[in-house]
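Here is a set of exercises to work through with the model open beside you. Try each task before you read the solution below it.

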Amino acid sequence: MDELASAHQPRMFSLQKIVEISYYNMNRIRLQWSRIWQVIGDHFNKVGCNPNEDVAIFAVDSLRQLSMKFLEKGELANFRFQKDFLRPFEHIMKKNRSPTIRDMVIRCVAQMVNSQAANIRSGWKNIFSVFHQAASDHDETIVELAFQTTGHITFPEHFAAAIDSFQDAVKCLSEFVCNAAFPDTSMEAIRLIRHCAKYVSERPQALREYTSDDMNVAPGDRVWVRGWFPILFELSCIINRCKLDVRTRGLTVMFEIMKSYGHSFEKHWWHDLFRIVFRIFDNMKLPEQQTEKIEWMTTTCNHALYAVCDVFTQFYEPLSEILLQDIFTQLQWCVRQDNEQLARSGTNCLENLVILNGEKFSPEVWDVTCSCMLEIFQNTSPHALLTWRPAGQDEEAAEGKHFVRNSPCSNTHNKSPRCVFTGQNVSAAFAGGRLRQSVPEQLRQISDQRLFAGLLIKCVVQLELIQTVDNIVFYPATSKKEDADNMAAAQSEAAGEEPAPDQGMYRHMTSAHLFKLLDCLLESHNFAKEFNSNNEQRTALWRAGFKGKSKPNLLKQETSSLACSLRILFRMYSDPKLQDSWPDIQTRLLLVCTEALSYFISLTSESHREAWNSLLMLLLTRTLRLPDDKNPLAPKTLPSSVSQVYSPFPHVLHICLPHSIISSEYPSVLVYFNLAVQQKCSG
């Protein structure tokens, strides 16, 4: 080392002699040679990292010659001499930052692979480690040569020989993928990882029978530990480390592998696999920057959520017992995030999952499903709409001042009295009014902005959940078609068609499950009704930044939740299979109808009454379709207490006549119901 210390004219005589000694002693028995190489290899580590490039080049070239000679002898099974011999290449690649030396190391290793691949055994670990170091380099030449050689090793000629280092090969490919400077290489590396999965699928016996140091792994799990797990784990690392286009491709390939080869997975493998998958939704692993976090939720989380539900549906039988609760937990997590698209996706995935698999649900699974929906309803109810007050409201009111704040329901271009909740223009209301405001006032505005943005998303989720329940129980589009049929029947003054046979999950649910969903819907309806009736609070929100011509309201939530409740109750009331529960159903139905009719009669706003048009037609049409022994419009057949519930009908029709029906496009609706009621009563 002293000879090499000179910066200008280092002497390499001793180094040459070390190389010669190594060459002539290579024929010694392996145990003796390994002791010699412990000393000589450490010397090459130091010389290969010498700041003088001439010295380092000589050392690397000498290592190449010695390695070629050593590899010619091959290696017996269960020995690791190659791994020790090639370790200096790994050390030099890791410690020496000279592009020239790094390029030379890659070329030397590539030459060894091309000429001695058939004799390499334990040395593959060092080779993949060297290429792993090169994969993160910024020199295109180094990265390209390393990747070409890695691809040559992986497919097709030498893969069987490198099977002992399969995990290292996949990890090396993953590092190529994560080099953002070379996106084409990243995509090609993902393709090679996809081919690795194909190899594992086609040759599981090779992984199962290969003997190595991990003999403590059960024979039945060796394919998973050595093959599938490294592939899927590295793909999850790609998803968590890479930019959008690369991680999207990685996510797609990961779920393609699950769908293509999942039939060969054991149940406990799935459990380990989804622990990896759910890392995508881990708050601790999400980007810290707000913009990156929003992008991650909108793209990657959203994509992963739909893919998880697809895989669960495809492999429902093995997954339902071990992962259903975890999947429901992830769906709840998505719905609770302050990201409208992800929240919508959470409800849509819940709907798809139940519709596609509900026929296979046991009563216990339905219990878990309904409880999950109840929790989501409760966690996303925008209670702060009723409790929020602007800071210093009384003092500001006295001075005629109001802070400019956003409301959870604002759409300045929408003249409809209904409140349309969207994620756009959440901060638009803050654009004006900031001048001449103190810092605390602006901080309060920012705080309110965040609050209202969250409330807006909760309002959206409530509407999505109501539609989800309706679609699950009656199948998508069924309720909309029924409303259209009711309106058409009213226009033609003819009796409407009977509802279509059950297409949804209704026939697979018990009365207890349906009652739990009814609790969710009615709780949502009562909240919306309370908010719509609270004129003072709506005015406060309107003055706090709502610029429309009408005050914020939750009319859509109020009517759609009640409509779904009525559909469920009427269907249960006419279901012979639930005959034992009819008394309870009748009690709940009468209570809901009584409150609905009383509330409608008390409405003074014409626009509010118009919002109830389709709801009233649903209520009246379903009532008219009931058999005489259950129909309150045939009062002779029912106790007076029951028929009295529908006594407001004439009043309702009277209200509808001047305000909504005549002024609407359907003046014959009232005539239709008058005729129908007269027919029922006269019968």
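**Exercise 1. Find what share of the contacts in the protein with a separation of 6 or more comes from residues 24 or more positions apart.**

Step 1. Take a contact to mean heavy atoms within 4.5 Å.
Step 2. Among contacts with a separation of 6 or more, residues 24 or more positions apart account for 73%.
Step 3. Keep in mind that this is a predicted model, in which local features need pLDDT of at least 70 and side-chain atom pairs count only at pLDDT 80 or more, while totals for chains, interfaces and linings use all residues. Residues are numbered from 1 along each chain as its sequence is written, and side-chain values use heavy atoms, with hydrogens and water left out.

**Exercise 2. Describe the secondary structure, the buried share and the accessible surface of the protein.**

Step 1. Helices (H or I, at least four residues) and strands (E, at least two) are DSSP runs, numbered from the N terminus. The protein has 31 helices and 0 strands.
Step 2. Call a residue buried under 20% relative accessible area, exposed over 50%, and partly exposed in between (1.4 Å probe, protein chains only). Of the 683 residues, 52% are buried.
Step 3. The accessible surface, by the Shrake-Rupley method with a 1.4 Å probe, is about 31,600 Å². Carbon and sulfur atoms contribute 51% of that surface.

**Exercise 3. Work out which residues touch the most other members of the largest nonpolar core, then look at the surroundings of Trp-228.**

Step 1. A nonpolar core is a set of buried Ala, Val, Leu, Ile, Met, Phe, Trp, Tyr and Cys residues joined through side-chain atoms within 4.5 Å.
Step 2. The largest such core has 177 residues, and those touching the most other members are Phe-89, Trp-228, Ile-231, Met-254, Trp-270, Leu-566 and Ile-568.
Step 3. At least three residues of this core come from each of domain 1 (1-135) and domain 2 (447-493 + 502-634 + 647-681), with bounds from an automatic or database domain assignment.
Step 4. A second, separate core has 12 residues, including Leu-385, Trp-388, Phe-527 and Leu-541.
Step 5. Now select Trp-228. Beyond its neighbours within four places in sequence, Trp-228 contacts several residues, among them Ala-197, Val-223, Ile-257, Tyr-261 and Trp-269.

**Exercise 4. Check the span of helix α25 (residues 555-573) and say how much of α25 is buried.**

Step 1. The expected span is 1.5 Å times one less than the number of residues.
Step 2. For the 19 residues of α25 this gives 27 Å, and the end C-alpha atoms are 27 Å apart, so the two values agree.
Step 3. Because 17 of the 19 residues of α25 are buried, the helix is largely enclosed by the rest of the structure.

**Exercise 5. Decide whether Leu-286 and Tyr-475 are buried or partly exposed, and place each in its loop.**

Step 1. Leu-286 lies in the loop between α14 and α15 (290-314). With a relative accessible area of 7%, Leu-286 is buried.
Step 2. Leu-286 touches Ile-280, Lys-293, Trp-296, Met-297 and Trp-333, not counting residues up to four places away in sequence.
Step 3. Tyr-475 lies in the loop between α21 (439-474) and α22 (478-492) and is partly exposed at 36% relative accessibility.
Step 4. Now check the backbone: phi of Tyr-475 is near 80°, a positive value in a residue other than glycine. Most residues other than glycine have a negative phi.
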